[in-house]
Amino acid sequence: MKLTLCILSALMLPLHAAEQVFFAFDDHNIAWQHNMKLTLETAQKHPQNPVLSNGPPGATDHGHAILYGTVLKQGDTFRMWYLGMHEPKIEKGQAPGWWRPMCYAESKDGVTWTKPDLGLVEFNGSTKNNICRIEGEPWSMTRVNDFLSVLYEPDEPDAAKRYKCAYIAHMPIDEVKGGRSKIGPNEKRWGSFVTATSADGLKWNCVGDRPANAGGERFEVSGLYRFGDFYYATGQLLSPWSWRPDGSDIGRDMLAYRSPDFVSWSKAKAFSYARPGQLSNPPVKGQQMHMGAGLWNRGNVMVGLHGMWQDAEQPPPKGQSWNYGVRVDLGLLISNDGVHFREPVPGFTIIPRGKEGEWDDVAILQGHAFVNEGDKTMIWYSHWNTGGDLENMDIGLATLRRDGFGSLSRKVAEEEGHFITSAFNAKEIALNVDGITPETPLTVQLLDHLDHPLDGYEVKATTTGVRVPIAWPKPLPSGKKLALRVNFPAGSTARVYAIYLNN
């Protein structure tokens, strides 16, 4: 086995740990606007897609390699945890043996990936494979079968628990200690929300002897993060296990559990998100969200991609899978509290499925797979053939301008525009901005908490870039709540993507 050992001891410190990001599409932190419009961007797919494909016959991922998983960059190495399937066909709607191994890959550029021989799990008579080891009792709890979310916490005091993960295991219900609630029908195999910890991200141990949702309802967990005082696990449910606020039936929606210690999880769940069509009366036929969201914790906000599920227009032909004809694109979500999510522009597709005949033309799946690298934001995703075949179920890459999910610019050409942020504390402020010209610079003003301009804190922004520092004439006031006003003169073509507040 040959691994890039340096990444196992390197600490992946949070990006600008003391930094807040006010994205252009965050209408809580940039709520006050005059003559502004939001333009969201569609990510560009990499010309070498798919960047990670399934393996040859006999490989752990011969059937498929899908990013129901996570990508992190640690040191100079990109690390990917994904789900493989060793058989090239689905049996009775499920992977053979209800098991899709947690597989591991590495890359130096995020494009060319290797699958190292980890030597941890015997498969087909050999340990020369890239399967991560998960140990626990009962054994059925260790069998990953759906969405895999990996969290790294370098400040965790117990080094053996710095990596944390959550995944779905379909356990026999009689092996679930603690049983289930009386909500929903009896099932022989139960959607179990399982957690595990690891020192290196490769050798894992299940937390406890039962799923985190034992005693509650089935749950298709698809997200894991820490936000404020709690760990949160988000995921997918639908009726009869979930319902609209008035008790009526709902399609696939996103709910959240929480835990203060990663051991004890709430039985109560919070409603996190449903596509607008699910909540209208009557609901929009066939419009659902799929598998929660792939999420990116930016410290003060959560950004994510959700599956924009649309039912097939016609019933499946005889002999075809029940979800034959289902289509899924990826849309954008944001949350300011880590619990409640919203679409900045409902229905906007940030990564669309491919055109007919392209490798990702049926449906696409999100992962927890965002990395800022240089002047780009890299996002990995995968293809799902909803017809039941495993054709082209591989992993691709899409990119945006760094943090360039969307921008604010003027709406009416003849009128000046401006926006004002929410209050903050900061020592340094920078803009992610494009389109400034020498003739039409932006004017940036510092305000107090009552919107009064502070004397001596007005400057011109004359430079474009992904992180342009604001050169104030004197240090920012300390210990005071501040706000920022950004003024666009008439004729300005500037676009502001984000504001960075470093404390």
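**Figure legends for the predicted model**

**Figure 1. Overall architecture of the protein.** The secondary structure of this protein, shown as a predicted model, comprises 2 helices and 32 strands. Its radius of gyration is 23 Å, close to the 23 Å that the globule rule gives for 503 residues, so the protein is as compact as a globular protein of that length. Along the principal axes, the C-alpha atoms occupy a box of roughly 70 × 55 × 45 Å. Buried residues make up 57% of the 503 in the protein. Of the contacts between residues at least 6 apart in sequence, 67% join residues at least 24 apart.

**Figure 2. Surface and charge of the protein.** The accessible surface amounts to about 21300 Å², and 51% of this area belongs to carbon and sulfur atoms. The protein carries 51 positive and 56 negative side chains. The centres of these two sets lie 2 Å apart.

**Figure 3. The loop between β6 and β7.** Glu 87 is located in the loop that runs between β6 (77–85) and β7 (102–107). Its relative accessibility is 35%, so Glu 87 counts as partly exposed. Apart from neighbours within four places in sequence, Glu 87 is in contact with Gly 63, Pro 96 and Leu 390. The C-alpha atom of Glu 87 is separated by 23 Å from that of Leu 202, a residue 115 positions away along the chain. Trp 98 is also found in the loop between β6 and β7. Phi of Trp 98 is near 55°, a positive value in a residue other than glycine. Trp 98 has a relative accessible area of 27% and is partly exposed.

**Figure 4. The ring pair of Tyr 152 and Tyr 163****.** The structure holds 25 aromatic pairs. In the pair formed by Tyr 152 and Tyr 163, the ring centres are 4.4 Å apart and the planes meet at 35°, so the pair is tilted. Tyr 152 belongs to strand β10 (residues 146–152) and Tyr 163 to strand β11 (residues 163–172), so the pair ties together parts that are 11 residues apart in sequence. Tyr 152 is buried, with a relative accessible area of 9%. Tyr 163 is likewise buried, at 1%.

**Figure 5. A cluster of aromatic rings.** Ring pairs join Phe 193, Phe 219, Tyr 231, Tyr 257, Phe 262 and Trp 265 into a cluster.

Figure 6. Most peptide bonds are trans. Pro 138 is placed in the loop between β9 (133–135) and β10. Pro 282 lies in the loop between α2 (276–279) and β18 (287–297).

**Figure 7. Asp 451, a residue with positive phi****.** Most residues other than glycine have a negative phi. For Asp 451, by contrast, phi is near 75°, a positive value. The residue is located in the loop between β28 (442–447) and β29 (453–461). With a relative accessibility of 44%, Asp 451 counts as partly exposed.

Note on methods:
Residues numbered from 1 in each chain as written. Predicted model: local features only at pLDDT ≥ 70, side-chain atom pairs only at ≥ 80, totals over all residues. Heavy atoms only, no water. Helix = DSSP H or I, 4+ residues; strand = E, 2+ residues; numbered from the N terminus. Rg over C-alpha atoms; globule rule 2.2 N^0.38 Å. Buried < 20%, exposed > 50% of the residue type's maximum accessible area, 1.4 Å probe, protein only. Contact = heavy atoms within 4.5 Å. Areas by Shrake-Rupley, 256 points an atom, 1.4 Å probe, with all protein chains shown as cover. Lys, Arg positive; Asp, Glu negative; His and termini not counted. Charge placed at Lys NZ, Arg CZ, Asp CG, Glu CD. Phe/Tyr/Trp six-rings, centres within 6.5 Å; stacked < 30°, edge-to-face > 60°.
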